Amino acid sequence: MHTSDAIKARRSVKRFTERAVTRAEIETLLEHATLAPNHKLNQPWRFYVLGPDARYAYGLALGARKAKKIEDPAAGAKLRETVGVEHRALPAMIAVAVVNTDNAEQREEDYAAAMMAVQNISLTAVTLGLGSHIKTGAIMNEPAARAAVGLPDDQRIVAVVNVGTPAEAVPAKKRDPAAAFTTWVP
Ligand SMILES: Cc1cc2nc3c(=O)[nH]c(=O)nc-3n(C[C@H](O)[C@H](O)[C@H](O)COP(=O)(O)O)c2cc1C
């Protein structure tokens, strides 16, 4: 598949079929992730391929956050469990982390490189007939989420990428033309 076709076909996919993503497919996604540009060849990314127990634990952590907004404790507990079970059922879930540094410039560059790796995962998924969904948010810093991933203290999660076979065709979200954001500087 041409790169430009993969870019145009990529969508955030939220519903997947039950088909498992194979280890070989995940290895291809991650191999391409490591080909992303990265300043000084820092290779700041670390990938955590979550199995069912880890996905469930991550989902429980996310569900607990959502449940905080609910007054009824029983409804909150039910929501937490529902989100946990939903995550366990995902075909594949990859947490992308970076190694922390005190150097502000490097921190920014390493984050950028890791997100380029995430884009490589998303585009490679398209070429394999897979869909992906990038997820971020404060959950990534929650101790329970970090524990679910087994994250060392010197790393932080920058994205979680769900991967699987799309259960349905997802329509493209409308973008404004590039010209709307572009200044040609003489
Ligand atoms: C850095 C980043 C973080 C994102 N975080 C979330 C998220 O936490 N939850 C979510 O539902 N979608 C998340 N998305 C997906 C975007 O919402 C999605 O890309 C956007 O709606 C455009 O849709 P498309 O990807 O199908 O073109 C994230 C995307 C990026 C690039």
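1. In this predicted model, Ala 54 counts as partly exposed because it has 19 C-beta neighbours inside 10 Å, whereas a residue is called buried if 20 or more other C-beta atoms lie within 10 Å of its own. Ala 54 belongs to helix H3, which covers residues 52–67.

2. Leaving aside residues up to four places away in sequence, Ala 54 touches Ala 148 and Val 149. The C-alpha atom of Ala 54 is also separated by 8.9 Å from that of Ala 147, although these two residues are 93 residues apart along the chain.

3. Helix H5, spanning residues 104–127, has 24 residues and reaches 35 Å from its first C-alpha to its last, which is close to the expected 34 Å. Just after H5, Gly 129 adopts a positive phi of about 80°.

4. Which residues of H5 are buried? They are Asp 110, Ala 113, Ala 114, Ala 117, Val 118, Ile 121, Ser 122, Thr 124, Ala 125 and Val 126. The buried residues of H5 pack against two kinds of element, namely helices H1 (3–9) and H2 (23–33), and strands S1 (45–49), S2 (92–99), S3 (131–135) and S4 (155–164).

5. As for the ligand, the residues surrounding it are Arg 11, Ser 12, Ile 134, Lys 135, Thr 136, Gly 137 and Lys 173. Sorted by class, this shell consists of three charged, three polar and one nonpolar residue.

Technical notes. Residues numbered from 1 in each chain as written. Predicted model: local features only at pLDDT ≥ 70, side-chain atom pairs only at ≥ 80, totals over all residues. Helix = DSSP H or I, 4+ residues; strand = E, 2+ residues; numbered from the N terminus. Buried ≥ 20, exposed ≤ 12 C-beta atoms within 10 Å, placed from the backbone. Contact = placed C-beta atoms within 7 Å. Near = placed C-beta within 6 Å. Nonpolar A, V, L, I, M, F, W, Y, C, P; charged D, E, K, R; others polar. Expected span 1.5 Å × (residues − 1).
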